[in-house]
Amino acid sequence: PKISKKTLIFWGKHDTYTPLRHGKLIAKKMPNAELVIFKNGRHGLHHTHSADILNTLKERYTTG
């Protein structure tokens, strides 16, 4: 709750190590967080969905 900066949280819907309910709880406790759920994602999205993460960041933060 002390993190007030705008934050994107990326989570895999099928994460069996850290279930989605934990991501939802984290996002709920952070006042300016947005939870981005990858429906085919598991744990380790930075390895399996790096292009999707990059595209999400570009969509939200690229101007022009």
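How many aromatic pairs does the structure hold? Here are a few notes on that, bearing in mind that this is a predicted model.

1. The structure holds one aromatic pair. A pair of aromatic rings is described by the distance of the centres and the angle of the planes. For Phe10 and Phe38, the ring centres are 5.9 Å apart and the planes meet at 25 degrees, so the pair is stacked; the cut-off for stacking is under 30 degrees.

2. Phe10 belongs to strand S1 and Phe38 to strand S2, so their pairing ties together parts that are 28 residues apart in sequence.

3. Those two strands are themselves partners. S1 (residues 7-12) and S2 (residues 33-38) run in the parallel sense and are joined over six bridges. As an example, Leu8 has Glu34 as its bridge partner in S2. Between the strands, the chain passes through helix H1 (residues 20-29), and this β-α-β crossover is right-handed.

4. The limit for buried is under 20%.

5. Please also have a look at Thr56, which sits in helix H3 (residues 50-61). Thr56 is buried, with a relative accessible area of 9%. Leaving aside neighbours within four places in sequence, Thr56 is in contact with Phe10, Val36 and Phe38.

Note on methods. Residues are numbered from 1 along each chain as its sequence is written. This is a predicted model: local features need pLDDT of at least 70, side-chain atom pairs count only at pLDDT 80 or more; totals for chains, interfaces and linings use all residues. Side-chain values use heavy atoms; hydrogens and water are left out. Two strands pair if DSSP finds at least two bridges between them. Helices (H or I, at least four residues) and strands (E, at least two) are DSSP runs, numbered from the N terminus. A crossover is right-handed if, with the strands pointing away from the viewer, the path from the first strand over the helix to the second runs clockwise. Rings of Phe, Tyr and Trp (its six-membered ring) pair if their centres lie within 6.5 Å; planes under 30 degrees apart count as stacked, over 60 as edge-to-face and the rest as tilted. Buried means under 20% relative accessible area, exposed over 50%, partly exposed in between (1.4 Å probe, protein chains only). Contact means heavy atoms within 4.5 Å.
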